[in-house]
Amino acid sequence: MNWKKDEDSDELGALMNLDHSAVLQETRIFNQTPIRPRHSRLLLAKVLFLLYRGDSMSTNEATDLFFSTTKLFQCKDMSLRQMVYLAIKELSTRADDVIMVTSSLMKDMQPKSELAYRANAIRALCKIVEPSMLPGIERFLKSAIVEKSPTIASAALVSSLHLFGEAKDVVRRWGGEVSEALNGKALQGPSFFGGSGGNQIVSTSSIVQYHAMGLLYAIRQHDRMAVLKLVQGFSGQSRGWLGGAGSGLRSNMAQVMLIRYAVRVMEGDPSLFEQLQGLLEGWVRHRSDMVSLEAARAACQLQGASGQLLTAAVSALQVFLSSPRPTVRFAAMRTLSALARTHPDAVQPCNVDMEGLVADSNRSVATLAITTLLKTGNEASVDRLMKQMQGLMAEISDEFKAVVAEAVRSLCVKFPTKHSAFLGFLSSTLRDEGGYEFKRAAIEAIVDLAKHVPESREAALGHLCEFIEDCEFTKLSVRVLHFLGEEGPRTERPTVYIRHIYNRVVLENAVVRAAAVSALAKFGTVADEGLRKSVRVLLQRCLDDRDDEVRDRAAWALRMADNENTRTKYVRDDSTFALAVLERRLVEYCTGVRHGRVSLEGVPRISRAQAEEAQGRGRLEAMDAALVVGTSAVSAASPAVAGTATSSGAMAADSGAAAGMDVYEQQAEYASRLRAIPELAAFGEQPLVSSARAIELTEAETEYVVRCVKHVYERHVVFQFDVTNTIPEQVVGQVEVNMEPEEDTSEVLRPVVVIPAPELRCDEPSSVYVAFERVDTDVFPTASFACTLRFVVRECDPATGEPEEDDEGFDDEYSLEAVDLGPGDFMQAAYLPNSQALWEAMGADAEFLETFGLASFDSIASCIASVAELLGMCPLEGALTPTSKAAHQAVFTGRWMGGAKTVARTRMTYQKGAGVTMELAVRSEDPAVSELMVSAIA
């Protein structure tokens, strides 16, 4: 068999043209005697390539090949033996009866075998062994973990990490040996792998400590105190300086993992925040660049970090900006760029150093330096930075071009007087070559600039018109046409844009033509009768289009243009549906969860400003994720370590998603959960009103964390208590909440049902429900309830979470904060378009007005936040962000019990020493509601 490189092909080309059947036929030489090592080794390489390439192999083929490969154990060639180990590991998941090779692998693990044999034999054996057979080789693996050879010890530790997912109970028993490998302590007695007895020194190799740290954390990760002791024991807190002989960690990679474990402890237990924050500050000053960078990154991402810690982190990163290694400069620059979004003032001391990196030979570093300077710099430096960026755009990837465009987008609002420089830069980037994401970011930046800086609107629209004349992306053309339709009719010369829009009807594909027709329709709603006639002529021409969608839109636009009410409803209405709720209902309908027709009547409406704010929040989060991608994952030294990091990342992602979840999407989630409970499903299809946010009834660091969400039905009120047990040594069962009204409410509220949580394991939240029936549906009660959490406690093993079989448990209870029921709980926070017209239509007869002196508030901002919480209504744009410290006006809208439209207006003034004086006026389609809402403040 020849496998040689010639002029027309190379090794890779030879591998790519392999035939599956031919290779399997060739493997018959494994049965020949004598064994030809080189020939067999190359053939095994082909087999492995086929497996890595994804070729399918039947079980019979894999089994025959597996046992043919085991016959190669007769050859002592070391290179061939290593290939045999690799083949065994890959075929073990496809072949049958692979356990038969155990004896050969055990033989290679003997002390007289070659060092490479022993380590590879451990890896292969742990790959094929079944969990039930693990106790039989437990003695071998425990001895290998503390072996003085780094190769053997590392192989045993990594193999143990692989086994941990399937045999947690067995691997947990090896904690002592793993700790010894991590500490480098001396062992007494002979080693199974050889040695004459006496003191055997455990390997002090850095890689062994790294793998031992990962395995020890995997064993202890569910025991918070054990993880805390692990962090404290190796942090140098009690024994010597960081990285010195006292701390016992000579591996920088192990130190990095220790920092990440410390951050998890800080996030999980706020009471330890101050204590471990000092450790983190010490790690920032570590002599290793790797450790210092990781500590600085963790400090910058840690919420609630002190100013002293941030200052130390920024100082360390500032030093790294002058490092001769590009990777170090990039890591430091990326961390500072992410920090500049939330703490730009903290990054300003690095501006001089970052300006020196603008001309860095590494374009990624230079791009991050410029975008960070744009976040932290002042208005005077904008022009200079924009010129420098112009020269970089041709040399960087589309990913960083998008980052630059997003940075310019944020600057458009920060420095509106520089709009001409921003527009010039963005328009020039649109003329350059680039991918979709980059072009989209530049288009959105121009759109934002046109919205927030009126002086730049016409120039921005002109650049967008120029862009769509030669745009290769259909989605971007549609986006621009939609924006032209929104903003073009408001300009002084709308006819300029009509020409560009109609060109799309003539020249583009069906999707773009349909979008152009919709944009033209909006120009047909202007007050100029002559312009409307011109637009009508253009729309009539579109009736002959070959695409159905284009013709339908043109027909609709012509019909709408003749009816003022229709134009107001469908074109000028500044609201949209909560798409997350609509999507959920459609999914439930398609999957059979929801029966009956899907109606838009129950889908809440939100303002376009709210929708754009949510989109902008998601965009910023996505950009931050792109900047710090990969920095939060634990090094994947093995699947177990990677799995730990993945679960941590998933939890972070889940928490981030929950924090950014739309209010209406969250309420739809509540409705789905309530429908799944038969006792509550009888109350109605979904609650008329659900709390916009949960009420915290305990502190975050207590043994039991409880939050309350209120749901209001036509005749019932349901209190949902989300309970989390944070004690790993306990399993809590039969959990329920006892609610006692502080005053007699028997005439208005009657208890109906309590639905307990059957079991609460550590850090696994569950819900308890308490339902009341309103005796009279015309009465909306207000009450305060004293709440007590009652449950049965059983002891459990923290490692497994399983309760002891003979432990029947004992009754216990836990006091919670009181829960109030007020008028705001019956109000659905719904956006109502045209609130001014609605206010006037309801008239003064439906109004209730009262003035309040609120001396306890020291600012308008804190007062308006409290008022919004008590009213439970939807704040319109600018309601919660007062621009003046002396006076403020706000408008709120909502639906009482999901029905009667209600509008509230408030005017506030603030005087130092006298507090806030507020006038609250409420109008509702139900006059009684107006008085009830005002009473919510009183």
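Visitor: Let's start with Gly424: what is its relative accessibility?
Guide: Gly424 counts as partly exposed. That label covers the range between buried (under 20% relative accessible area) and exposed (over 50%), using a 1.4 Å probe and protein chains only. Gly424 falls in that range because its relative accessibility is 35%.

Visitor: Before we go on, what kind of model is this, and which pLDDT do side-chain atom pairs need?
Guide: It's a predicted model, with residues numbered from 1 along each chain as its sequence is written. Side-chain values use heavy atoms, leaving out hydrogens and water, totals for chains, interfaces and linings use all residues, local features need pLDDT of at least 70, and side-chain atom pairs count only at pLDDT 80 or more.

Visitor: Back to Gly424: how far is its C-alpha atom from that of Ala459?
Guide: Gly424 is found in helix H24, residues 419-431. (Helices are DSSP runs of H or I with at least four residues, strands are runs of E with at least two, and both are numbered from the N terminus.) Ala459 is 35 residues away along the chain, and the two C-alpha atoms are separated by 9.8 Å.

Visitor: Zooming out, how many helices and strands does the chain have, and how much of it is buried?
Guide: The chain has 40 helices and 21 strands. Of its 938 residues, the buried share is 50%.

Visitor: What share of the contacts with a separation of 6 or more joins residues 24 or more positions apart?
Guide: A contact here means heavy atoms within 4.5 Å. Residues 24 or more positions apart make up a share of 66%.

Visitor: Which residues does Ser160 touch?
Guide: Ser160 is found in helix H9, residues 150-164. It counts as buried because its relative accessible area is 0%. Setting aside neighbours within four places in sequence, its contacts are Ile145, Val171, Trp174 and Leu215.

Visitor: How many salt bridges are there?
Guide: Side chains of opposite charge can pair when their charged atoms come close. The rule asks for a side-chain nitrogen of Lys or Arg within 4 Å of a carboxyl oxygen of Asp or Glu. By that rule the count is 29.

Visitor: Asp545 has a salt bridge; which residue is its partner?
Guide: The N to O distance in this salt bridge is 2.9 Å, between Asp545 and Arg513. The pair links distant parts of the chain, 32 residues apart: Asp545 sits in the loop between helix H30 (529-542) and helix H31 (548-561), and Arg513 in helix H29 (residues 510-523). Asp545 counts as buried because its relative accessibility is 13%. At 3%, its partner is buried too, and that partner is Arg513.

Visitor: How far apart are the closest N and O atoms of Arg750 and Glu773?
Guide: These two form a salt bridge. Arg750 in strand S10 (residues 749-755) and Glu773 in strand S12 (residues 766-774) are 23 residues apart, so the pair links distant parts of the chain. Arg750 is partly exposed at 41%, whereas Glu773 is buried at 15%. Their closest N and O atoms are apart by 2.5 Å.

Visitor: Which residues form the nonpolar surface patch with Met290?
Guide: A patch takes residues with over 30% relative accessible area and no salt bridge, joining like charges within 9 Å and nonpolar side chains (Val, Leu, Ile, Met, Phe, Trp, Tyr) within 5 Å. Met290, in helix H16 (residues 289-301), is partly exposed because its relative accessibility is 42%. The accessible area of the patch is about 230 Å² together, by the Shrake-Rupley method with a 1.4 Å probe, where for residues only the protein chains shown count as cover. Besides Met290, the members are Ile207 and Met253.
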